[in-house]
Amino acid sequence: QVRLVESGGGLVQPGGSLRLSCVASESIFGMVSMGWYRQAPGKQRELVASISAGSQLNYADSVKGRFAISRDNAKNMVYLQMNSLKPEDTAVYYCYVLIRLDQSPFWGQGTQVTVSS
């Protein structure tokens, strides 16, 4: 039902910044949680950052202090500001939204982030 489209990925040097955007096809007002996962080649998908209906923020330890998640309810969008990027941040980043606790989340198709000199 809900379609998510990510954008903003690309190639950046270590220490650089990127901002990822995710737009939902429908209103996500009242969602349980939404945010970002990432998956590097040969590695398990991991939660990077999330924001709950109560505006509680959650970050992976590896990105805390460098990344910031935010949302714009009017635009049905969620963002991930990524600063001080490291090569180990290289991955495909996926946006998700969990609308109901008894449902599986909806996923975007992903956007590639490559951090390399």
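Trainee: Which residues are linked in a network of salt bridges?

Mentor: Happy to start there, and note that this is a predicted model, in which local features need pLDDT of at least 70, side-chain atom pairs count only at pLDDT 80 or more, and totals for chains, interfaces and linings use all residues. Residues are numbered from 1 along each chain as its sequence is written, and side-chain values use heavy atoms, with hydrogens and water left out. A salt bridge here is a side-chain nitrogen of Lys or Arg within 4 Å of a carboxyl oxygen of Asp or Glu. The residues linked in this way are R38, E46, R66 and D89.

Trainee: How many salt bridges does the rule count?

Mentor: E46 meets R38 at 2.7 Å, N to O, and R38 also meets D89 at 3.0 Å. D89 in turn pairs with R66, their closest N and O atoms being 2.8 Å apart. The count comes to three.

Trainee: Is E46 buried, partly exposed or exposed?

Mentor: Buried means under 20% relative accessible area, exposed over 50%, and partly exposed in between, using a 1.4 Å probe and protein chains only. R38, its salt-bridge partner, has 5% and counts as buried. E46 has a relative accessible area of 33%, so E46 is partly exposed.

Trainee: How many residues apart in sequence are the parts that R38 and D89 tie together?

Mentor: Strands are DSSP runs of E with at least two residues, numbered from the N terminus. R38 lies in strand 4 (residues 33-39), while D89 lies in the loop between strand 8 and strand 9 (91-98). The pair therefore ties together parts whose separation in sequence is 51 residues.

Trainee: In what order do the four strands of the open sheet stand?

Mentor: Two strands pair if DSSP finds at least two bridges between them. Strand 1 (4-7) and strand 3 (residues 18-24) run antiparallel and are joined by four bridges, with L4 opposite A24. Strand 1 and strand 7 stand at the edges, each with a single partner strand, so one side of each is left without a neighbour in the sheet. The order is 1-3-8-7.

Trainee: Which residue in the turn between strand 7 and strand 8 has a positive phi?

Mentor: Strand 7 (residues 67-72) and strand 8 (residues 77-82) run antiparallel, joined by six bridges, and R71 stands opposite V78. The two strands form a hairpin with four residues between them. The turn residue with a positive phi, about 55°, is N76.
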